[in-house]
Amino acid sequence: MTTKNNKIKYLETGVAGAIMAFATVMPAYAYEQAPSLDEQVQAGTLPAVDERLPKEPLVLEVVEQPGEYGGTLRRAILGGGDQHNLVRTIGSDNLVRWDANWTEVRPNIAKSWEVSADASSFIFELREGMRWSDGAPFNADDIMFWYEDIFLNSDLTPNKDPTFIGSTGPVKVSKIDDYKVEFNFGSPNGLFLQNMAYGFGYHVTAYPKHYLSQFMEKYNPDLQTLVDAEPAAADWIQLFNLKAGPMDTPLFWQNPDRPTLHAWNLRNAYGSTERVVAERNPYYYKVDEKGQQLPYIDRITYDQVEDVETILLKAFNGEIDYMLRHVGRPANKASLTDNMERGKYHFFDVGDLPGNIMILMLNLNHPDPVKREVINNKDFRIGLSHAVNRQEIIDLLYFGAAIPAQTAPREGSELYKEWYLKQFTEFDTELANKHLDMAGLDKRDDEGFRLGPDGKRFTLVFLVADVFGLQYPDAMELIAGYAADVGLDIQVRATDRSRLISLHTANEQDAYLWNCSGGQADAYTAPLCYVPMISNSVSWARLWAEWGVDNTRGEEPPQAVKDIFTAYNEVKAAPTPEEMKNRMGELLDMSMEQFFTIGLVQNNPVFGIARNNMRNVPDPLPIAGQLWFPAPYTAQMYFEGGTNLP
Amino acid sequence: MGFCLRRIMYMIPTLILVSIVTFIIIQLPPGDYLDSLAADMGESGSDNTAVVETLRQQYGLGQPIYVQYYKWMKGILLHGNFGISFEKNVLVTDLIWDRLGWTFGISIMTLLFIWVTALPIGIYSAVKKYSFGDYTATLFGFIGLAVPNFLLALVMMYVSFKFFGQSVGGLVSPEYIEAAWSFDKVIDLLKHIWMPIVVVGTSGAAALIRIMRANLLDEIYRPYVVTARAKGMSEFQLLMKYPVRVALNPFISTIGWILPSLVSGEIIVAVVMNLPTTGPLLLRALLVQDMYLAGSLILIVSLLTVIGTLISDLLLAWIDPRIRYQ
């Protein structure tokens with residue numbers, strides 16, 4: 001009897017032991033890691049791969065096929081103001097993400113979410129066991145840290161990011177349990193998930209509490225010693241901003257110590273060295289379908305250069321593995337084609353397709369009543385629009401790679417309508433003259449220029465800055481010539497970009513040449529040229545925009561504009577995507593009818609270059625201002641053969 | 001000695017004045033660093049002013065200009081702290097030290113290159129006036145003067161890229177950027193560094209050849225030269241001891257200008273050739289109105305000018321007995 005009992009007991013423990021062994025060993029077969037990490041794991045300085053990964057890692061759908069580990073992704077970065085070079089390769093890992101085609105919002109850091117029926121409350125579920133790049137656990141407390149200690153702190157965040165502001169005020173975030181967080185706006189906010197998938201959704205998951213709390217008075221009574229030790233900071237707020245700066249400023253990329261959830265982590269700071277280096281995050285939470293932990297590529301280097309032309313030479317020499325920024329301009333295409341064999345790279349398409357790349361932004365809220373009256377006359381704007389020879393601009397400046405168009409959603413967008421794009425775009429001086437006459441500018445002086453309602457020559461001063469490689473100054477000279485042909489006096493004032501911005505944000509400009517997003521899916525979240533909005537770069541009715549945010553400020557707009565504000569609120573409150581699309585369509589109808597800005601040109605897709613052995617490169621790659629691509633997808637790119645081409 | 005002290009005393013008010021003027025001029029254009037930052041940020045689709053306002057408080061940019069100046073000067077004089085660079089978010093001193101080293105290194109080598117080439121050629125073309133060699137030197141001299149430095153830089157980079165397959169830009173090849181100093185790295189550095197030296201030095205050398213030639217031509221027909229020759233002095237010794245010494249005068253009196261012009265004059269070349277010197281830093285700082293960085297660099301260049309002038313005055317007094325301390 002005793003022997004039998006013993007035997008059963010033995011059997012039981014044996015089975016239990018086998019199960020235990022199976023449970024601990026099995027994931028080691030399931031998940032694989034980069035060989036470059038093996039040594040650290042064997043030496044015990046890094047936990048095994050299944051301990052580093054969350055319980056349910058994100059299985060990322062790759063573009064072509066699962067890849068091979070190894071290699072260094074080599075790029076170039078400008079010595080200043082080029083932080084987006086980093087943001088767009090490694091910076092974008094939010095709670096949710098857009099799929100690689102920019103059509104649908106998918107899980108990312110959050111493994112799932114629930115939306116209330118009226119789209120006012122959003123509950124995100126996080127991945128259990130997920131870790132920051134230094135190995136510390138990531139959970140709901142980190143999100144609450146961002147919300148309570150940073151977002152609600154008026155010293156650190158005097159002005160809140162609009163992503164987190166609903167129509168009735170800032171979002172309320174609450175922790176449900178360690179892995180569930182609720183975002184509640186108290187009123188419908190149908191665009192919130194989209195916004196969270198765009199770049200600025202990053203805030204929520206970018207503030208590691210275990211690291212950053214040491215720089216806060218609340219958590220560290222001995223903070224002053226840290227402040228004293230940092231010569232670039234005078235008080236704790238400055239210190240905190242140095243350590244936890246926003247991602248779209250250089251600050252974020254100047255603190256390599258800050259743990260992140262990104263696929264690669266900085267090894268040194270951007271700006272003061274000849275090369276910025278980022279190395280793989282051994283705790284990255286994504287795997288491919290074969291269970292290989294991402295990213296495939298070991299590290300990314302950014303060689304700092306001062307001049308865009310040097311980047312081209314580096315590309316010709318095969319020193320650039322993947323890049324669209326700075327190189328992908330029509331003017332560079334010929335020389336890049338000539339050196340394709342030598343540099344061993346090929347082209348891919350980039351859908352950087354804004355609403356319009358060249359827009360005459362007339363100031364509808366002009367401080368001078370005479371100019372305001374003329375500019376607000378739709379006939380005047382129609383006349384000016386017909387006066388411009390768009391095709392000639394396209395042929396001369398863009399090598400034909402563009403189409404004449406108004407500022408509008410593009411063909412292929414679900415919001416596209418032909419009349420949005422084509423109205424008043426034909427080059428017809430007769431028609432132009434007719435409309436300008438109808439606008440009351442029918443008298444001319446002895447030099448043939450039209451007189452304004454005050455009897456003086458009507459002059460518009462156009463500000464123009466040389467930006468984005470879009471050749472605005474050259475275009476503006478052409479435009480001034482077309483205007484003179486119909487008797488309009490346009491004066492061109494070249495300026496630098498910061499002065500241009502300070503002038504138009506002070507509402508002191510007549511008009512300027514700029515561009516506008518909203519050509520594709522971003523029309524919903526960034527309708528800068530369809531609805532008056534406060535913006536750092538786009539100003540065509542600043543006072544109305546201010547009124548739209550706060551009815552006690554700015555200037556009350558006409559009813560048609562108020563209707564557009566109402567329509568946009570309805571878009572945001574729409575409970576279903578279908579409803580949202582219909583409301584947005586109505587808004588666009590109204591906005592296009594108003595004809596606020598005069599669009600000239602929509603560009604063809606631009607291009608980027610990738611070395612011939614780079615795989616899983618999205619082609620075409622969608623990209624836009626708010627959409628910080630390809631960062632959520634660089635982790636799945638790899639080198640065939642596991643290393644760079646020689 | 002008294003002369004020296006007096007000269008050094010003069011330097012102080014000069015520098016104070018320079019610092020004030022610098023600070024005002026940098027602040028003159030409308031807007032500040034944050035406006036340029038806002039401009040760059042437009043690209044992220046960030047169309048809100050939230051971040052910019054936060055940073056404006058941090059950088060103290062809302063304060064009146066004299067308060068900013070006072071704080072800056074106080075930091076420099078009391079703590080040797082030139083302020084922080086807004087864009088790089090590190091102390092200006094940390095940022096420029098390394099680059100000043102490279103700048104001086106390249107400048108001094110360029111100066112040596114200029115003298116080594118210009119002096120003998122200048123002397124030769126004066127002594128052998130209207131010879132084949134003189135004409136050749138003159139031809140190259142004029143080419144050197146006429147071709148803009150940056151253009152020469154571009155052409156040389158293109159040639160070395162096209163025909164020698166060399167990695168262009170920077171002072172070392174990409175594979176050596178992070179490497180520790182080694183024999184191979186030095187060799188690689190030498191393969192690159194001659195280019196900026198030749199490019200920056202060419203026009204300087206060309207100018208000095210002409211100056212040397214003209215000065216020496218003035219001197220070698222003077223009676224004292226004839227006397228010395230009549231007394232049987234060897235031709236080479238005679239040339240070196242008297243007329244060359246006198247003709248060196250402009251070389252020395254321009255040292256004061258050469259130092260700063262080498263520091264600031266190579267800006268475009270440094271941008272084109274991607275050199276880790278102060279030039280690109282200054283250009284970028286001015287573009288984005290990174291005022292403490294720009295101000296400090298200009299102040300340092302001014303200091304160089306003043307020191308250079310002092311050196312050349314002292315050298316002149318020593319080399320040319322006709323100059324008196326009055």
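A cavity here is a set of points, on a 1 Å grid over the protein atoms alone, where a 1.4 Å probe fits but cannot get out, and lining residues have an atom within 4 Å of a point. Points are joined across faces, edges and corners, and a volume is the space filled by probe spheres set on them. This is a predicted model: local features need pLDDT of at least 70 and side-chain atom pairs pLDDT 80 or more, while totals for chains, interfaces and linings use all residues. Residues are numbered from 1 along each chain as its sequence is written, chains are lettered from A and ligands numbered from 1 in the order written, and side-chain values use heavy atoms, without hydrogens and water.

The second largest cavity has a volume of about 190 Å³. It has 19 lining residues, and the closest to its centre are Glu274(A), Gln304(A), Gly170(B), Ile177(B) and Asn274(B). Strand β14(A) gives the largest share of that lining, 3 residues. Strands are DSSP runs of E, at least two residues, and helices runs of H or I, at least four, numbered from the N terminus.

Asp303(A) sits in that strand, β14, residues 299-305. Is Asp303(A) buried or exposed? Its relative accessible area is 6%, so Asp303(A) is buried (under 20%, with a 1.4 Å probe and protein chains only; exposed is over 50%, partly exposed in between). Beyond four places in sequence, its contacts (heavy atoms within 4.5 Å) include Glu274(A), Pro174(B) and Ile177(B).

Notes. On a 1 Å grid over the protein atoms alone, a cavity is a set of points where a 1.4 Å probe fits but cannot get out, and a pocket is an open set with protein on both sides within 12 Å along at least five of seven lines; lining residues have an atom within 4 Å of a point.
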